[in-house]
Amino acid sequence: MAPLVQEVHFPQLHIPITIDRKFPVLPAGPIPASPGDSLYLSNLDDMIGARVFTPTVYFYRSNSLTSESRSLADVLHDALAAVLVPYYPLSGRMRETTNGKLEIFFEAGQGAIMVEAHSKMVLADLGDLTVPNPGWQPLVYRFPNEEPYKILDMPLLIAQVTMFSCGGFSLGLRLCHCICDGLGAMQVLRAWAATTKSGTLAIDPEPCWDREIFRPRAPPVVKFPHIEFRRIDDGSSLTKSLWIAKPVQRCYKISPEFQARVKTLAKDEVPCTTFDAMAAHIWRSWVKALDVKPEDYQLRLTFSVNGRQKLKNPPLKDGFYGNAVCVACAVSSVSELIGGSLSNTASLVHEARVGVSEEYLRSTIDYVEVHRPMRLEFGGKLTITQWTRFSIYESADFGWGRPLYAGPIDLTPTPQVCILLPGGESDPSGTMVVCICLPKSASEKFRELFSLID
């Protein structure tokens, strides 16, 4: 019987690859934008936390859609070119306008980028293909001398196909977060995969831009303190523990039985979801393992809440693929986290999550309009990102089956981010994978604390 909590180790890798060619992917037909045109991005799209590319990788054993005359990259290119007609904003570029506000602009010859590469390695050399490995970074294309976090004048979708000598391959993607949130990215991916699979354009639902629905009010009305954005001087030991000590990425498979036990204990006082319970348990275990000082220091737990179902005036149209998430924030002192109960912490997470209303989302938009934060604030903060709700494995079936692995690669550039992933194609039982960065000195303590429920 598999353990309830199992750490998954992955090897340190060096993946030598050869880039065979790099070529643009232009829309296959006319689009409703001409050179010189621009598109509005909402304040949810261009919040500082969205001004990044989200890298993901997908591994496949083999494909059955190509022949000797057509490479896999060509097949994917043609399908993406077709998809870029209805999803034409992805063929543009990003630029800053007044007061640092972002917009998409169009010029001739822009488009997405496709890269074709190969490696002499085989998939079996890459280690466990069920959890992310920072060593997979060569499988996602970066331009030579590319600046960190650069998004201006960049292709908004970058794809790299890497063929391995065993016949398997990977698809590495970089998608600009300003264009779509996680659910929106899955909508784009599904359209590309379905079009590849069918050989003809297949989009359902029809994509909807509609970023103007999130325009700020005039004048802006900020009704909440929005401590999720507030700059807090890190007077705790977190900075030294996580940024100076160079933490390593750790991954843990969490069985459905363990998740159920955590949820049962956490809902002692208030009803809560599995996410509420697991987020609370991770937060407490993280703080205890890192031995955060001083104990009266106020810590923040932030996480995204989908605002689609909360919007009633007016509601979002089906097919909207932009950012429609709001950042929720729970606050607690170190002493309350380490000395209080799991149910107390889960209550804080629950209250922060259900507190995200339509008015809170509108207030967020207005807060960004007034203050326009231009840097990420990590003071006293852990951010948990939930990917378990994404149909990432189902969405990424291009016709050669679901991927062996689908998800992120490397968390270490932002060590205060924890990601919850689905167990993978080989484990449909509901297993969750918790990926988190920890100093080597705290890793064993975190595993021990996390495996216990108190």
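**Exercise 1.** Find the bridge partner of Gln-6 in strand β10 of this predicted model.

*Solution.* Start at Gln-6: its bridge partner in β10 is Lys-253. Strands here are DSSP E runs of at least two residues, and helices are H or I runs of at least four, numbered from the N terminus. Next, step back to the strands: β1 (residues 5-7) pairs with β10 in the antiparallel sense over 3 bridges, where pairing takes at least two DSSP bridges. Then look at β16 (residues 432-438), which runs antiparallel to β10 and is joined to it by 7 bridges; one of these links Val-248 to Leu-438. Finally, 6 of the 7 residues of β10 (residues 248-254) are buried, so the strand is largely enclosed by the rest of the structure. Buried means under 20% relative accessible area, with a 1.4 Å probe and protein chains only.

A note on the model: residues are numbered from 1 along each chain as its sequence is written. Local features need pLDDT of at least 70, side-chain atom pairs count only at pLDDT 80 or more, totals for chains, interfaces and linings use all residues, and side-chain values use heavy atoms, without hydrogens and water.

**Exercise 2.** Work out how helices α4 and α7 cross, and which residues meet.

*Solution.* First, take the axes, which are lines fitted to C-alpha atoms over the stretch in contact, with angles from 0 to 180 degrees between N-to-C directions. Those of α4 (residues 256-266) and α7 (residues 342-354) come within 8 Å and cross at roughly 90°. The two helices are therefore roughly perpendicular, a label for 65 to 115 degrees. Now list the contacts (heavy atoms within 4.5 Å): Val-262, Leu-265 and Ala-266 in α4 meet Leu-342, Ser-343 and Ala-346 in α7.

Key:
Angles under 35 degrees count as roughly parallel, over 145 as roughly antiparallel, 65 to 115 as roughly perpendicular and the rest as oblique. Buried means under 20% relative accessible area, exposed over 50%, partly exposed in between (1.4 Å probe, protein chains only).
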